[in-house]
Amino acid sequence: RYTQNMMIQKIIAYWRTSAERNWETAQGLFKLKRYDACLFFCHLALEKLLKGLVAQTTQEPAPFIHDLAKLAALAKSLPTPEQVAKLRTITTFNIAARYDDIKLAFYKQCTPAYTKKYFDETKKLFLWLKKNYQ
């Protein structure tokens with residue numbers, strides 16, 4: 001029989017493991033020059049880390065939202081204003097990658113330089129967020 005704490009620990013571990021897999025996928029897609037998909041997986045990796053931190057902080061499952069800045073606030077991760085701005089930009093990679101009517105425009109936006117910039121920013125945020133895990 002699971003206690004509430006055991007269930008939350010299982011949820012936290014799930015989000016963290018899934019985030020690590022998505023980050024590995026983002027790295028592979030970057031090497032393959034699949035820039036739009038890379039940025040989509042960058043978003044997923046951060047979202048999942050944040051959802052694990054929300055569960056850790058609140059002892060409740062994270063809400064079904066994709067807004068990274070809102071998740072960071074719920075996780076009480078205390079990002080800087082600059083980090084919040086980056087989280088808001090990276091959040092747009094989730095929406096853009098899923099809807100066909102703007103997929104081509106997003107694909108064109110994902111130049112090597114643009115993708116490298118946000119891939120590097122994601123890496124910094126990813127490593128920073130991981131430090132918040134207990």
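Close-up 1. The model contains 10 aromatic pairs, counting rings of Phe, Tyr and Trp (its six-membered ring) whose centres lie within 6.5 Å. Tyr14 is partly exposed at 48% relative accessible area, whereas Trp15, at 17%, is buried (buried is under 20%, exposed over 50%, partly exposed in between, with a 1.4 Å probe and protein chains only). This is a predicted model, in which local features need pLDDT of at least 70 and side-chain atom pairs count only at pLDDT 80 or more, while totals for chains, interfaces and linings use all residues. Residues are numbered from 1 along each chain as its sequence is written, and side-chain values use heavy atoms, leaving out hydrogens and water.

**Close-up 2. The edge-to-face pair of Phe40 and Phe41.** Here the planes are 90 degrees apart and the centres 5.6 Å apart. Phe40 is buried at 16% relative accessibility; Phe41, at 22%, is partly exposed.

**Close-up 3. An aromatic cluster and a charge over a ring.** Trp23, Phe30, Tyr35, Phe119 and Phe126 are linked into a cluster by ring pairs. Have a look at Arg16 too: its charged end sits over the ring of Tyr133, 4.9 Å from the centre (the criterion is NZ of Lys or CZ of Arg within 6 Å of the ring centre and within 35 degrees of the ring normal).

**Close-up 4. Helix α2 beside helix α6.** The axes of α2 (residues 35-58) and α6 (residues 112-130) come within 10 Å and cross at roughly 15 degrees. Axes are lines fitted to C-alpha atoms, for helices over the stretch in contact, with angles from 0 to 180 degrees between N-to-C directions. The two helices are therefore roughly parallel (under 35 degrees; over 145 is roughly antiparallel, 65 to 115 roughly perpendicular and the rest oblique). Residues in contact (heavy atoms within 4.5 Å) include Tyr35, Cys38 and Leu39 in α2 and Tyr118, Phe119 and Phe126 in α6.

**Close-up 5. Helix α1 against helix α6.** With axes 12 Å apart, α1 (residues 4-31) and α6 pack at about 160 degrees, so α1 is roughly antiparallel to α6. Among the contacting residues are Arg16, Trp23 and Phe30 of α1, and Phe119 and Phe126 of α6.

Conventions. Phe/Tyr/Trp six-rings, centres within 6.5 Å; stacked < 30°, edge-to-face > 60°. Helix = DSSP H or I, 4+ residues; strand = E, 2+ residues; numbered from the N terminus.
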